[in-house]
Amino acid sequence: MPRPTATQLVYGSATVFLSTLAMLLLSQTQTGIGVAVIALAGLGLGLLVAMTVPMPGLSRVARRAGGSASAPDGPAPLRAVPAPAERLPRQRAGARIGERTR
């Protein structure tokens, strides 16, 4: 399993702190069990947020293709330029869509 990045640690920690504080203030619980349940819920939410923060590395396209993010070994091959299509008549500057041009 890869190590978490600094961004993941910061987002996860902030989520744990803020969500636990918000839940404690909103629930107004005073029992030890209630506080423990809210603390566990905050930890779980922080873990979820930390794991969903995107990690640097391969792009989504490269991950789908199974390739790597390294630079290619040589120059990209040249592709043939397609032949230009028939030229369409230009519209007048003030012409509206669907109006015939002269």
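Biologist: Why is Ser19 called buried?

Modeller: Buried means under 20% relative accessible area. Ser19 has 13% relative accessibility, so Ser19 counts as buried. Its place is in helix 1, residues 6-27.

Biologist: What makes the pairing of Ser19 with Thr15 a polar contact?

Modeller: The limit for such a pair of N or O atoms is within 3.5 Å. A polar atom of the Ser19 side chain lies 2.5 Å from the backbone oxygen of Thr15. Leaving aside residues up to four places away in sequence, Ser19 also touches Gly42 and Leu45.

Biologist: Why is Pro54 called exposed?

Modeller: Exposed means over 50%. Pro54 is at 69% relative accessibility and therefore counts as exposed. Pro54 sits in the loop that runs between helix 2 (32-52) and helix 3 (60-65).

Biologist: Is Gln8 buried or exposed, and why?

Modeller: Gln8 is buried, because its relative accessibility is 4% and the cut-off is under 20%. Gln8 belongs to helix 1. Its side chain reaches the backbone nitrogen of Thr5 at 2.9 Å. Residues up to four places away in sequence aside, Gln8 touches Arg3, Ala50, Val53 and Met55.

Biologist: How far apart are Gln8 and Pro54?

Modeller: From C-alpha to C-alpha the separation is 8.3 Å, while 46 residues separate them along the chain.

Biologist: Which elements have the lowest and the highest mean pLDDT?

Modeller: Helix 3 has the lowest, 64, and helix 2 the highest, 93. Over the protein the average is 77, and 54% of the residues score at least 70. Where pLDDT is low, predicted coordinates should not be read in detail.

Technical notes
Residues numbered from 1 in each chain as written. Predicted model: local features only at pLDDT ≥ 70, side-chain atom pairs only at ≥ 80, totals over all residues. Heavy atoms only, no water. Helix = DSSP H or I, 4+ residues; strand = E, 2+ residues; numbered from the N terminus. Buried < 20%, exposed > 50% of the residue type's maximum accessible area, 1.4 Å probe, protein only. Polar contact = N/O pair within 3.5 Å; in protein donor to acceptor, adjacent residues only side chain to side chain. Contact = heavy atoms within 4.5 Å. pLDDT = per-residue confidence, 0-100.
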